Amino acid sequence: MKTPQPQFSPLPEQDLELLSAYLDGQLEGPTRSDLERRLADDPRLRSELEELRSTTALLRELPTRTPPRSFTLDPAKVQPRRSGWALVWFGQLGSGLAGLMLVLLASLQMLGGMSGQMAAAPAPMMVQATAPALYEAAPVTTESAAAMMLPVEATALPEAAAGTMALPANSEPVTATESASVMTLPSEPMVNSDMARQTAPSDAEMAAGTMSMSESATPEVAMGKAAPAPAGVPPVVVLLLGLVLVGVAGASWVYTRTSGKF
Amino acid sequence: MLNEEERIIESAQRGDVEAFNQLVRLYESRVYNLCYRMLGDAEAAADVAQDTFISAYRNLGRFRGGLFRSWLLRIATNACYDVLRARKRRPSTSLDALGTSDDEGRGFDLPDPHEHPDEVALRHELAAAIQQGLAQLPEDQRVVIILSDIQGMAYDEIAAITATSLGTVKSRLSRGRARLRDILRAGELLPAKFRHEDR
């Protein structure tokens, strides 16, 4: 049985390229005349040219295939997608802004932590100052919800604090317990904190209920005293989360920009 | 003709789907045939062609003039590359890509009723052999062979479609043709009538 062996062209690649361009009428001037002179003298070159010509002729004779269906677009299916892309765009913007806010918050927390060792009061003040901005920019982040808790906790009546104290005793440092509470908050924390913000001044029980969500309000916090360290999750975690959000938003933006491949 | 096309493109860019569908009808055969020759699989080619037009419609705002056909074929080429990359990750789905699926005899334009059945069979056999040969070429050589030798495009348009230089197009075309010639000869893929005599 005959075993076919590949027969690779003995011609240098440069000559093959010249022959290929010559076939397509791409050679001009002295390059063309030089090749034609060589073709007249070299039967191997002529044979190679004929083989390439036969190969291209076979390709040109390939029949055109009829598409199995029409590829026209259905207006009803195509146009609504545009609003979908708008949503994607808003999502990218929102997550990017939320990420930036978290990075800013983490920076403030870190600064607060540094100064908090010297004077404990500034830390919650700074968190309080940044919380409303977070609320507007990133309504779904649990960190912002935790930050929103602090003003409520600070303004809660003593009865509310007492109610909270009836919860299982928790004498751990605030930073550790609040960190845990943030991580275990339900998925709709803003509803609770928002409700607490609206009702706290007039309804101490509601405020107490909100506080009990956090399971972490020590008497010091409830009485409006400063926490000894920045509240919420460790700043590094907030920073990383912010960077991840910014990264996801950026990658998503790049992906949607390049999905057209052009 | 080109001015008419520009007018249709402008309408499509304003969201007129029917205007865009005129462009689809104009180029769908060319896009589908490029995809079919790249992928060697009729069904996959149809899917990629459809995705190409959807992607083109959604990104029509980014078309800044020039040849719309080139823009469209570039999207199609990139979509084919995506499918080929996915096949490499999942080799079990790439059997059709070898051109071994027996659909070469289907999907062509209607044959000449006066053509002898033997000639039809020979033509299909030849087409299947060439498709198998194409499937063995590296993808960058395959696409320039398809655009140049099957679709008859000029070097500069191929360079625009493949986002390469004229020199690269020439080089890939030359190497692709030589390699295809070697594949067809070495593997005896061609019907006997079309084989080159060994030197």
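This is a predicted model: local features need pLDDT of at least 70, side-chain atom pairs count only at pLDDT 80 or more; totals for chains, interfaces and linings use all residues.
Residues are numbered from 1 along each chain as its sequence is written, with chains lettered from A and ligands numbered from 1 in the order in which they are written.

Okay, the fold. Chain B has eight helices and zero strands; those are DSSP runs numbered from the N terminus, H or I of at least four residues for helices and E of at least two for strands.

Now the core. The largest nonpolar core has 55 residues; a core here is a set of buried Ala, Val, Leu, Ile, Met, Phe, Trp, Tyr and Cys residues joined through C-beta atoms within 7 Å. B:Cys35, B:Ala45, B:Val48, B:Ala49 and B:Ala76 touch the most other members. Among the elements giving two or more residues are helix 3 of chain A and helices 2 to 8 of chain B. Helix 2 of chain B brings the largest share, 11 residues.

Over on chain A, look at helix 1, residues 13-23. Its buried residues are A:Leu16, A:Glu17, A:Leu18, A:Leu19, A:Ser20 and A:Ala21. They pack against helix 2 and helix 3 of chain A, together with helix 8 of chain B. Just after helix 1 of chain A, A:Gly25 has a positive phi of about 70°.

Back to chain B: how do helix 6 and helix 7 pack? Their angle is about 140°, and their axes are 10 Å apart; axes are lines fitted to C-alpha atoms over the stretch in contact, with angles from 0 to 180 degrees between N-to-C directions. That makes helix 6 and helix 7 of chain B oblique to each other, since under 35 degrees is roughly parallel, over 145 roughly antiparallel, 65 to 115 roughly perpendicular and the rest oblique. From helix 6 of chain B, the contact uses B:Val143, B:Val144, B:Leu147 and B:Ser148, and from helix 7 of chain B, B:Ile158, B:Ile161 and B:Thr162; contact means C-beta atoms, placed from the backbone, within 7 Å.

Last stop: B:Ser165, in the loop between helix 7 and helix 8 of chain B. Buried or exposed? B:Ser165 counts as exposed, because it has 11 C-beta neighbours inside 10 Å.

Definitions and conventions:
Two residues are in contact if their C-beta atoms, placed from the backbone, lie within 7 Å. A residue is buried if 20 or more other C-beta atoms lie within 10 Å of its own, exposed if 12 or fewer, and partly exposed in between; C-beta atoms are placed from the backbone.
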